[in-house]
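Please look over the following model with its chain contacts, charged pairs and backbone geometry in mind. The briefing below takes these topics in turn.

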Amino acid sequence: MGNSNTMWNPALETMSREYFREYQLNRLQAQIRHAKDNTAFYKEKLSDIQPDKITTMEMVTTIPTTTKSELREAQHMGDGLYGNLLADDTESIISYHQTSGTTGPPIRQSDSLRDWEWWTDCWATVLWAHGVRPDDRVFFPFSYGVFVAFWAAHSAAKRIGAQVIPGGGMSSVQRVEKIADLDPTVVAMTPTYAFRLAEVAEQEGIDLRGSEVAIIICAGEPGASVASTKAALEDLWGAEVYDHAGATEAGAWGFSCSSDDLGLHVNEARFLVEVLGPDDEPVSPGDVGRLVVTPLNRYAQPYVRFELNDRVRLSEKNGCDCGRAYRFVDGGVLGRRDEFKTVNGTLLSPRTVEDIVHGFDTVLNEFHVRIEDHPKKDLDTVSVDVEADQNHDYNNQRIRKQLRKELRRHTHLNFTVNVLQSGTLDRNTLKSNRFSDLRQRRAQYRQ
Amino acid sequence: MIEEENIPKIPEETFEEVRDHTETIREELAHIERLSESCQIPALERNTTQLRSVLRTMELHLPPRLEDSEE
């Protein structure tokens, strides 16, 4: 069972459900009040909402949710960089970040000093749960650009008292050389980049398994909660792999723990997290729904019931082996709502394909799925490109046959499997885009 | 060059008052440090360390006491 040494704040992380509800409702009321009083956007949007009257969790669903497209529009109304979203004077803003813009123009994110304290604290909760301690040396191999990425994790590692090695402005080769040279004990990156660095290390003759790295913290993609991906990364690095989920607007809301169950705890001291069904009502534990998040301590640019579009499944289990009372989402983020594709009437999730491909040790970890119109029939075709692992005694025909069989068993779809030479597919340094939906005829089924 | 008349004239009593309050915070911090150590809550311990560090920086911005500079 958990004890004080495994939690950043055991007093909060083991709080009773009843206390959480009261605490969250109080914070939610305060956030609504703050957002309404200080932003033009929420003043109008929540004009009918009286925060003092939201006295039960059931009443939370009467508050309208906030979408990304509303934020895009609001930031271009009013004055300044942040338009109608800003709740503070510009002098109090200490940092600028923006979303990656994968689904449209980026959203600008302002943070004041106290917001940055909140970011730091949320990430410290994550890092501490993953075993980062003051005697660790933490390497962050990312670009240190406008995306929030691991900026707050960097601050949090310092807050914990660990030694931080910034890995910006380096090539992948230089980064693996730094790992060999400086002996970090923790590395934080996306799962895609963890695979990439492992590949580069092998090319450079650097033995990651023999390095001091004991902890890999993954974020930005759900891979570390995918069983086969996690196992493959742990094997390549010889380290424990942990998962974290967050977003620029929502903050660092989820983290895996030391229990054997794959998935994420929700940091309920800092976030009100709802999992909603198509009717906008909370789904029962065990059912998949979409994530709606309210950061409970965000000030310069507050959000109320932000539609994150991630799909998750709240666990049915009561309590966790790690001792935390925070609720758990089984398997972490199951995918973005817009990543799920309907192919010939069957729902296909990128994650299912990832789980299968990463479970095959005769192929490398990069892959790419294409969904296209059938050239003659009113049907879709789906194919996957994989790369053969030349370290194995392989046979392309056998890989093709076995992979096709596994994919059909799990997805009920007939894939065309193309086995390519290693190094053929593009490598990414942040997140992977492994799905291309090229259909023209059946565009209505894309989502 | 900054004109001498543009340099703010801060009475020594004001600095002395800030020093007194800073000393109070330092004493309070020592209490918090002892308490948070007994609570074994890493978040409290590490943030207390952060507070102490900020306090040290603040102290660096206070001019030395007149009697100190005379010594």
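A salt bridge is here a side-chain nitrogen of Lys or Arg within 4 Å of a carboxyl oxygen of Asp or Glu. By that rule, E16(B) forms a salt bridge with R19(B), with 2.7 Å between the closest N and O atoms, and the count over all chains comes to 31 salt bridges. The model is a predicted one, in which local features need pLDDT of at least 70 and side-chain atom pairs count only at pLDDT 80 or more, while totals for chains, interfaces and linings use all residues. Residues are numbered from 1 along each chain as its sequence is written, chains are lettered from A and ligands numbered from 1 in the order in which they are written, and side-chain values use heavy atoms, with hydrogens and water left out.

**Salt bridges**

- E16(B) and R19(B) lie 3 residues apart in helix α1 (residues 12–39) of chain B, so about one helical turn separates them; helices (H or I, at least four residues) and strands (E, at least two) are DSSP runs, numbered from the N terminus.
- Within this pair, E16(B) is partly exposed with a relative accessible area of 24%, whereas R19(B) is buried at 10%, where buried means under 20% relative accessible area, exposed over 50%, and partly exposed in between (1.4 Å probe, protein chains only).
- Salt bridges with shared partners join R196(A), E199(A), E387(A) and R427(A) into one network.
- E199(A) counts as buried at 19% relative accessibility, and R196(A) counts as partly exposed at 22%.
- K341(A) and D437(A) also meet through their side chains in a salt bridge, at 4.0 Å from N to O.
- This pair links distant parts of the chain, with K341(A) in strand β15 (residues 341–343) and D437(A) in strand β20 (residues 435–437) of chain A, 96 residues apart.
- Both partners are buried, K341(A) with a relative accessible area of 13% and D437(A) with 15%.

**Interface of chain A and chain B**

- Contact, meaning heavy atoms within 4.5 Å, involves 14 residues of chain A and 7 residues of chain B.
- The two chains bury about 810 Å² between them, 54% of it on carbon and sulfur atoms; buried area is the accessible area (1.4 Å probe) that two parts lose on being put together, summed over both.
- Across this interface the rule finds 0 salt bridges, while 5 residue pairs, both residues at pLDDT 80 or more, are in polar contact.
- A polar contact is a pair of N or O atoms within 3.5 Å; within protein, one must be able to donate a hydrogen and the other to accept it, and residues adjacent in sequence count only if both atoms are side-chain atoms.
- On the side of chain A that touches chain B, α1 (10–13), α5 (113–129) and α6 (151–160) of chain A each supply at least two residues, and the largest share, 3 residues, comes from α5(A).

**Chain B and T48(B)**

- Chain B has 3 helices and 0 strands, and its pattern along the sequence reads α-α-α.
- The radius of gyration of chain B is 17 Å, well over the 11 Å that the globule rule gives for 71 residues, so chain B is more spread out than a compact globule; the radius is taken over C-alpha atoms, and the rule is 2.2 Å times the number of residues to the power 0.38.
- Along the principal axes, the C-alpha atoms of chain B fill a box of roughly 55 × 25 × 20 Å, and buried residues make up 17% of the 71 residues.
- T48(B), in helix α2 (residues 42–60) of chain B, is buried with a relative accessible area of 4%.
- Not counting residues up to four places away in sequence, T48(B) touches L29(B), I32(B), E33(B) and S36(B).

**Backbone geometry**

- Most residues other than glycine have a negative phi.
- D280(A), which is not a glycine, has a positive phi of about 65°; D280(A) sits in the loop between β10 (271–276) and β11 (288–295) of chain A and counts as partly exposed at 40% relative accessibility.
- R305(A) likewise has a positive phi, near 50°, in the loop between β11 and β12 (306–313) of chain A, and R305(A) is buried with a relative accessible area of 2%.
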